[in-house]
Amino acid sequence: MKKRLFLLVGGLFLAIASVFAQRNLEVKDITTQRDVFSGKDTEAGIVISCPSNIKLTIESSHDKVVDVYNVEDKGEETFYYMRFETGRRYRGRKLTVRADGYAPVSIMAELNPKELKRYQLIDPDVEFVYGCYYEYRKRGTEYFQQAMYVEAKEQYAIAQACSDCPENSGLDNLIAGIDSITVYREKADEAFDLLDYETAKDYYGRIVSLNPSDENASQKVFECSRNFDIDCNKYFDSAEAYREEGDYEKAMELYQRVVDGNCPNAIKASQQLKLLRKEVNSRKQRARVYVYEYSKSAPIGLGTGTYNKNKVGGYFSLSFHSDLFKALQKSYNEVKDAELNLSFGWTLNKWEKVPVWVFFGVGYTGAGEFVDSDGNRYIEPEEDSTQPDQSGDNSGNYGEEEDNPTFKLYSAISPEVGLLGKIGPVVLRYTFQYRFSVSKEYEDKISKTRHAFGIGFCF
């Protein structure tokens with residue numbers, strides 16, 4: 001009986017001693033707002049890191065097997081990547097993390113879809129468990145993740161001086177990275193102060209690529225992008241205003257800023273810039289031309305076009321006779337030469353040193369007259385005031401319904417060719433036109449040829 005009691009007390013003592021002999025791991029929640037799980041929409045993730053010499057086993061109160069889909073060593077730490085299903089049935093999930101020599105650690109894992117949580121396990125009671133090199137490097141890494149680069153560089157330098165520092169520690173690269181970050185930050189801050197957001201964004205982005213944990217640099221990247229977009233819109237809107245006011249030089253300068261900065265509206269700015277360059281070049285050459293043209297059959301003529309050096313342009317002409325207005329007023333006896341010409345074509349400078357252009361094109365000619373019911377040219381009869389109107393109406397409309405004329409239009413296709421010369425801002429233009437009647441029945445109604453002379457100005 002005494003022997004059994006002794007064994008029982010001894011076993012209990014050993015169990016209590018074993019429990020107190022275990023060290024405790026401290027859990028740090030290092031989750032950031034940027035962390036998002038990249039898996040399915042119904043899943044969430046947890047990442048647990050610890051020193052590489054500590055091996056973990058993980059249990060879940062709501063899952064038969066914890067899905068540890070990846071285990072990765074980074075420097076002196078090991079990272080355990082886990083994914084879990086989410087939903088109401090998984091509420092109250094608790095993870096139990098076990099490691100030899102340490103008491104179990106419990107983590108309440110209340111997860112929402114696409115949520116990612118990060119935890120770090122450390123031993124707070126042991127300062128130099130893994131040697132001088134590891135501890136100082138670990139401290140340097142912690143400072144680096146907090147963007148405390150001066151402190152991180154000091155810890156890495158101490159780690160290099162430790163007797164257990166391996167030859168291929170890679171600390172030189174880490175220190176060089178900190179030096180690069182210092183230079184990038186100076187240039188980024190300087191550009192940001194000068195409102196050069198695109199340059200600042202580039203340097204802040206380089207910092208983030210070297211240290212994704214640098215929240216200040218990440219925030220600056222966001223601010224640069226926002227301010228850059230604001231500036232892009234401001235430059236573009238100002239360029240549009242200058243363009244509408246006719247100040248093309250300033251407009252082109254601002255459009256060019258939008259294009260050089262690769263702004264969101266750079267494509268539209270590039271299109272506007274191209275059009276303005278053509279317009280400015282056209283103005284320098286005085287390529288835009290307006291002329292007044294005269295010909296016997298159509299004395300009222302207007303023409304416009306572009307006459308560029310060493311480049312094909314285009315033109316348009318409209319000419320007519322004043323009898324067209326009389327036809328609209330139904331002044332039958334006065335309508336004799338109701339002619340209309342429409343033409344368009346191309347311009348070409350064949351002589352580089354001579355300001356003379358050849359132009360050629362095609363057009364339409366229409367000539368009309370009033371005809372009677374027999375198709376003959378209508379001649380309005382003279383009114384006889386001595387003859388009374390049988391209807392008793394002396395208004396002078398006798399026989400209007402019986403002899404109401406109709407307006408007949410004769411058409412022709414009219415190819416043309418000509419020359420245009422510039423003398424300073426003044427232009428002289430000659431056009432020769434040949435007419436092909438659409439129907440042989442009225443070839444005599446439209447003249448075979450037309451000569452037109454024009455004078456105008458260019459700018």
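Start by selecting Gly424: in the hairpin of strand 15 and strand 16, which has 2 residues between the strands, Gly424 takes a positive phi near 65 degrees. Strands here are DSSP runs of E, at least two residues long, and helices are runs of H or I of at least four residues, numbered from the N terminus. The model is predicted: local features need pLDDT of at least 70 and side-chain atom pairs count only at pLDDT 80 or more, while totals for chains, interfaces and linings use all residues. Residues are numbered from 1 along each chain as its sequence is written, and side-chain values use heavy atoms, with hydrogens and water left out.

**Out from the hairpin**

Two strands count as paired if DSSP finds at least two bridges between them. Glu416 has Gln433 of strand 16 as its bridge partner.

Select Trp357 to find Leu420 of strand 15 opposite.

**The nonpolar patch**

Now show the surface and pick Tyr434, a residue of strand 16. Tyr434 counts as partly exposed because its relative accessibility is 33% (buried is under 20% relative accessible area, exposed over 50%, partly exposed in between; 1.4 Å probe, protein chains only). Tyr434 belongs to a nonpolar surface patch of about 1100 Å², whose members include Phe316, Trp346, Phe360, Val417 and Phe436. Patches are made of residues with over 30% relative accessible area and no salt bridge, with nonpolar side chains (Val, Leu, Ile, Met, Phe, Trp, Tyr) joined within 5 Å and like charges within 9 Å. A salt bridge is a side-chain nitrogen of Lys or Arg within 4 Å of a carboxyl oxygen of Asp or Glu. Colour strand 12 (338-348) as well: it gives the most to the patch, 3 residues.

**Strand 8**

Move to residues 116-122. Strand 8 is largely enclosed by the rest of the structure, because 6 of its 7 residues are buried. Strand 1 (residues 26-29) pairs with strand 8 in the antiparallel sense over 4 bridges, and Val27 is bridged to Leu121. Strand 2 (residues 43-51) runs parallel to strand 8 and is joined to it by 5 bridges; select Gly45 to find its bridge partner Leu116.

**The whole chain**

Finally, zoom out: the protein chain holds 9 helices and 18 strands, and 38% of its 459 residues count as buried.

Terms used. Areas by Shrake-Rupley, 256 points an atom, 1.4 Å probe, with all protein chains shown as cover.
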